[in-house]
Amino acid sequence: MLHLKNFTKEFAGTPLFTNISWHLKKGERVGLVGENGAGKSTIMRIIAGQVELSSGELQFAKGATVGYLPQDGLVTRGKSLFQEALAALSELQAMEGELLQLTTELADLHHDDSRHAACLERFGHLQEEFKVKGGYTKEADVGMVLTGLGFLPEQWDRDCGTFSGGWQMRIALAKLLLQRPNVLLLDEPTNHLDIEARNWLEEYLCSYPYSVMLVSHDRFFLDSVCQRIAEVWNHTLSDYYCSYSSYLLQREERIAALREAKRRQDEEIDKLEDFIRRFRYKADKASLVQSRLKMLEKIERIVIPPERKKIRFQFPDPPQSGRVMMELHGVTKRYGSLTVLDRISLTIEKGEKIALVGHNGAGKSTLMKVLAGGEFQSGDRLDGHNVVIDYFAQDQAEALQGTKSAYEELYADAPFDMVPRLRDLLGTFLFSGDDIHKKVGVLSGGERNRLALAKMLLRPANLLLMDEPTNHLDLFSKEVLLDALRSFPGTVVFVSHDRHFIDGLATRVVEVEGGALTSYHGDYEYYLAKKGSTLDSPSASRSSSLGPRAQSLEPKAKEERLQGREEEKQRQKEARSRQKRLAEIEAAIERAEQALKKLEEKLADPALASDYEALAALGAEHAAAEAQLACLYGEWEGFAT
């Protein structure tokens with residue numbers, strides 16, 4: 001489908017890629033991974049024809065089409081949402097127009113007319129092509145895609161210009177999916193999607209009949225969709241034919257092997273150079289020195305790139321508090337005539353890690369604002385004893401002052417005792433050297449988010465309220481944040497659309513839906529299990545009304561997770577049973593050893609020396625006890641090994 005042949009790309013004389021040969025087969029789903037700035041988006045833009053190669057060749061299969069979704073910057077207006085999405089099927093619309101024209105001509109032409117046969121033949125051919133390409137279901141397909149991406153039917157007649165930036169990207173994604181290009185390039189397609197829309201897109205891409213290449217910071221999404229991982233590293237592309245989770249393990253093994261090969265090569269080079277230094281000026285060794293010099297020239301030096309930079313931090317130890325951190329009783333929050341939260345009640349206890357879930361617009365961010373002290377119309381909000389709150393809002397990074405430097409932004413909010421440690425804190429979040437003097441306005445989305453997270457470490461808190469803290473963070477930074485929150489002994493309430501992040505952190509899931517709250521006291525897998533199968537979920541019921549195609553998208557990844565959970569439960573049950581039986585055997589061994597000891601004491605009694613019958617009976621009993629003990633030891637060894 002696609003072949004990159006010996007391609008090189010340079011920027012201002014600095015190589016980004018060097019002599020890469022890489023191919024993409026039909027039907028493959030490839031995840032493109034690497035550090036920020038490694039060149040993932042550049043590769044996509046090269047394939048999309050937006051960036052030229054410095055050298056090399058880009059080859060496509062005959063008739064192949066390419067569709068590219070950038071990270072942002074796409075805005076449409078002037079048409080209704082449905083008409084804009086339908087415009088993506090311009091080829092089908094043109095065919096439909098020609099069919100109508102041919103229908104009119106055939107109605108006017110007499111069957112004896114010389115043009116009638118040709119017109120009828122063209123009509124039959126075009127009608128068959130129109131049918132095969134989905135012309136008769138194009139409106140249903142548009143409805144399915146729009147619904148899957150979270151657009152409600154009442155929004156379909158709205159002008160596209162009235163939608164915000166995140167929804168504009170959904171419109172662009174919908175159009176691209178409807179065009180069904182042979183090579184589908186998606187750069188961060190999940191950035192603006194809630195969990196329901198991500199689930200739908202995941203299932204859609206798993207059944208996509210052509211090739212897909214995507215960049216994503218959603219580990220769960222990569223694991224579910226991609227069969228192959230292409231890593232952008234060290235000016236080249238390295239392939240791993242596995243899931244993202246397996247790639248992480250294989251990559252560590254590959255780097256360890258590379259380091260070992262580098263160590264052995266360095267030893268060999270040192271030996272050669274030492275020989276050359278020792279015998280360079282000895283005439284009788286000249287030929288040997290020359291051979292070593294040639295060997296050195298032929299060695300292709302192994303270069304190990306610098307380690308990936310990672311943020312490293314932990315939250316300050318929280319102040320002591322009571323068992324109950326916060327309570328809401330009968331809280332109602334309205335925006336005009338719209339009731340977002342309707343007489344809700346919620347109790348947050350010390351040490352909980354609570355995930356708020358629900359579709360976009362359900363009221364998760366509104367609930368977070370109420371918890372942080374925002375206004376509401378009725379009800380009570382009660383703080384627990386000695387509760388100290390730190391709130392990370394959804395637009396926290398945007399609230400930073402663009403005219404200040406990173407250091408000035410931290411300094412403005414820092415308590416006196418933290419001022420000497422600000423540079424160290426910024427270094428922890430990868431702001432080193434002159435980076436601390438960069439203006440906030442020129443920082444990337446990920447850098448602004450890291451700076452906003454750094455501000456949360458200025459003062460210790462025991463209740464963290466975090467609304468989408470993982471936005472714009474790369475996969476590695478998300479893992480560090482996840483580890484920091486796991487080890488935080490305080491209480492966390494958070495909103496995230498990253499399912500791996502939720503699954504790794506939540507000890508309780510609270511669903512916000514229809515103005516009400518439903519608590520699930522367990523992790524995210526428990527929540528999914530209690531919610532039932534996808535066919536019973538709101539997203540599935542929506543898609544099932546749109547035809548068999550939506551119904552046929554089975555939640556394979558979810559089934560595998562649930563199956564894995566059941567297998568783990570079974571393993572734990574078997575382990576508990578083994579431990580119980582092992583304890584029973586050990587107790588039986590102890591009793592048997594005590595009984596054997598008593599028998600041996602009786603056999604050693606001088607009073608029984610002349611009582612042959614008693615000695616024979618005790619001897620038989622002793623032999624039976626020894627046999628029983630040997631049997632118990634045999635069983636114990638079987639369990640213990």
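A cavity is a set of grid points where a 1.4 Å probe fits but cannot get out, and its lining residues are those with an atom within 4 Å of a point. With that in hand, welcome to this predicted model.

**Enclosed spaces**

Across the whole structure, a search turns up four cavities of 30 Å³ or more. Let us visit the second largest cavity, whose volume is about 80 Å³. Twelve residues line the second largest cavity, and those nearest its centre are Val33, Gly34, His217, Leu475 and Phe476. Three elements, β3 (29–33), α9 (244–279) and α15 (475–487), each bring at least two residues to this lining.

**An open space**

Two or more lining residues come from each of β5 (66–69), α3 (90–108), α5 (138–148) and α6 (165–179). The lining of the second largest pocket counts 13 nonpolar, seven polar and six charged residues.

Which element gives the most to the lining of the second largest pocket? That is α5, with four residues. This helix is also mostly covered, as nine of its eleven residues are buried. Among the buried residues of α5 are Lys138, Asp141, Met144 and Leu146. After α5 comes Gly150, which has a positive phi near 100°.

**The chain as a whole**

Stepping back, the protein chain is built with 21 helices and 18 strands. It has 641 residues, and buried ones make up 44% of them. Of the contacts between residues at least 6 apart in sequence, 68% join residues at least 24 apart.

**A look at Thr190**

Thr190 sits in the loop between β6 (183–187) and α7 (195–206). Is Thr190 buried or exposed? Thr190 has a relative accessible area of 2%, and it counts as buried because that value is under 20%. Leaving aside residues up to four places away in sequence, Thr190 touches Arg198, Ser216, Asp218 and Phe221. Thr190 and His497 are 307 residues apart in sequence, while their C-alpha atoms are 8.9 Å apart in space.

**Rings and charges**

How many aromatic pairs does the structure hold? There are 16 aromatic pairs. One of them joins Tyr240 and Tyr247 in an edge-to-face arrangement, with 5.0 Å centre to centre and 75° between the planes. Tyr240 and Tyr247 are both buried. Elsewhere, Trp200, Tyr204, Tyr208 and Tyr210 are linked by ring pairs into a cluster.

Arginines also meet rings here. Arg170 lies over the face of Trp167, and the charged end of Arg292 sits over the ring of Phe275. The table sets out their distances.

| Arginine | Ring | Distance to ring centre |
|---|---|---|
| Arg170 | Trp167 | 4.1 Å |
| Arg292 | Phe275 | 4.2 Å |

Note on methods. Residues numbered from 1 in each chain as written. Predicted model: local features only at pLDDT ≥ 70, side-chain atom pairs only at ≥ 80, totals over all residues. Heavy atoms only, no water. Phe/Tyr/Trp six-rings, centres within 6.5 Å; stacked < 30°, edge-to-face > 60°. Buried < 20%, exposed > 50% of the residue type's maximum accessible area, 1.4 Å probe, protein only. Lys NZ or Arg CZ within 6 Å of the ring centre and 35° of its normal. Nonpolar A, V, L, I, M, F, W, Y, C, P; charged D, E, K, R; others polar. Contact = heavy atoms within 4.5 Å. 1 Å grid on protein atoms, 1.4 Å probe; cavity = no way out; pocket = protein on both sides within 12 Å on 5 of 7 lines; lining within 4 Å. Points joined across faces, edges and corners; volume = space filled by probe spheres on them.
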